Amino acid sequence: MLENIPSSFEVISALIKTSLELYPEAFLVKPSSDEQILITLRRILCTQISGQLTEKQFPDCFYIRERDCFHRISVEEIEKILADKGVIHIFTNHGKKYTISLCLKQFAEQFPFPTLQRVNRSCIINLTHLKKFNQNYVWVNGSPILFGENYKKEFYDKVRILKTGWKTSLPQVIEN
């Protein structure tokens, strides 16, 4: 029976291997003094605070350079993005307009946010600011925007439409 019990070295080895697979910030070895615990906690906090900010830590924003500063833009602030001859204009719900030398396709590739939806060749809207739509237009905070035929299927796949007993007059979108 004693031969089936792993040695303390094997147990410690297995624990260390499992711990390393979890990528811990630090280890505390028992017995630990209060001073060792405080030093370890300070080191962990400093590492986390000074570490690089990743996309996963701030998934809903990006920064735009305007003159000599970078301005943070939250996706929830964006109402619409309009393309105009090699630049895009980002309109926010605070009445601010940012102009960037970029095309819509490049923007969508760099920042594939799920609430941003292209509705025609020159416009991306934020679905959180979508007030209403019909077969020809979408309205973002009171402004009508022409609906492009090539973008309707993806749009209808994204929005939730409550089915009722009444017939909805949404067009059938034909896949190519």
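Reader: In strand E7 (residues 123-126), which residues point one way and which the other, and are they buried or exposed?

Author: In this predicted model, Cys-123 and Ile-125 point one way from strand E7, whereas Ile-124 and Asn-126 point the other way, and all of them are buried.

Reader: What makes E3 and E7 a pair of strands?

Author: Two strands pair if at least two bridges are found between them, and 3 bridges join strand E3 (residues 78-84) to E7, the two running antiparallel. Within E7, Cys-123 has Leu-82 standing opposite.

Reader: How do you know that E6 and E7 pair as well, and what joins them?

Author: The requirement is again at least two bridges, and E6 and E7 are paired over 4 bridges in the antiparallel sense. A hairpin through 2 residues joins E6 to E7, and Leu-116 stands opposite Asn-126 in E7.

Reader: How many aromatic pairs are there, if ring centres must lie within 6.5 Å?

Author: With that limit on the distance between centres, the count comes to 11 aromatic pairs.

Reader: Why is the pair of Phe-62 and Phe-113 called stacked?

Author: The ring centres of Phe-62 and Phe-113 are 6.2 Å apart and the planes stand at 25 degrees; because a pair needs centres within 6.5 Å and a stacked one needs planes under 30 degrees apart, the pair is stacked.

Reader: What makes this pair a tie between parts 51 residues apart in sequence?

Author: Phe-62 lies in strand E1 (residues 61-66), while Phe-113 lies in the loop between helix H3 (104-110) and strand E6 (116-120), so the pair ties together parts that are 51 residues apart in sequence. Both Phe-62 and Phe-113 are buried, and together with Phe-107 and Phe-111 they form one aromatic cluster.

Reader: How do you know that Lys-80 lies over the face of Phe-91?

Author: The distance from Lys-80 to the ring centre of Phe-91 is 5.4 Å, to be set against a limit of within 6 Å, with a further condition of within 35 degrees of the ring normal; Lys-80 is accordingly placed over the face of that ring. Lys-132 likewise lies over the face of Trp-139, at 4.7 Å from the ring centre.

Reader: Why is Cys-61 called buried but Cys-103 partly exposed?

Author: Buried means under 20% relative accessible area, and partly exposed lies between that value and 50%. Cys-61 has a relative accessible area of 9%, so Cys-61 is buried, whereas Cys-103 has 35% and is therefore partly exposed.

Reader: How many disulfides does the structure hold?

Author: The structure holds 0 disulfides.

Notes
Residues are numbered from 1 along each chain as its sequence is written. This is a predicted model: local features need pLDDT of at least 70, side-chain atom pairs count only at pLDDT 80 or more; totals for chains, interfaces and linings use all residues. Side-chain values use heavy atoms; hydrogens and water are left out. Rings of Phe, Tyr and Trp (its six-membered ring) pair if their centres lie within 6.5 Å; planes under 30 degrees apart count as stacked, over 60 as edge-to-face and the rest as tilted. Buried means under 20% relative accessible area, exposed over 50%, partly exposed in between (1.4 Å probe, protein chains only). A disulfide is a pair of cysteine sulfur atoms within 2.5 Å.
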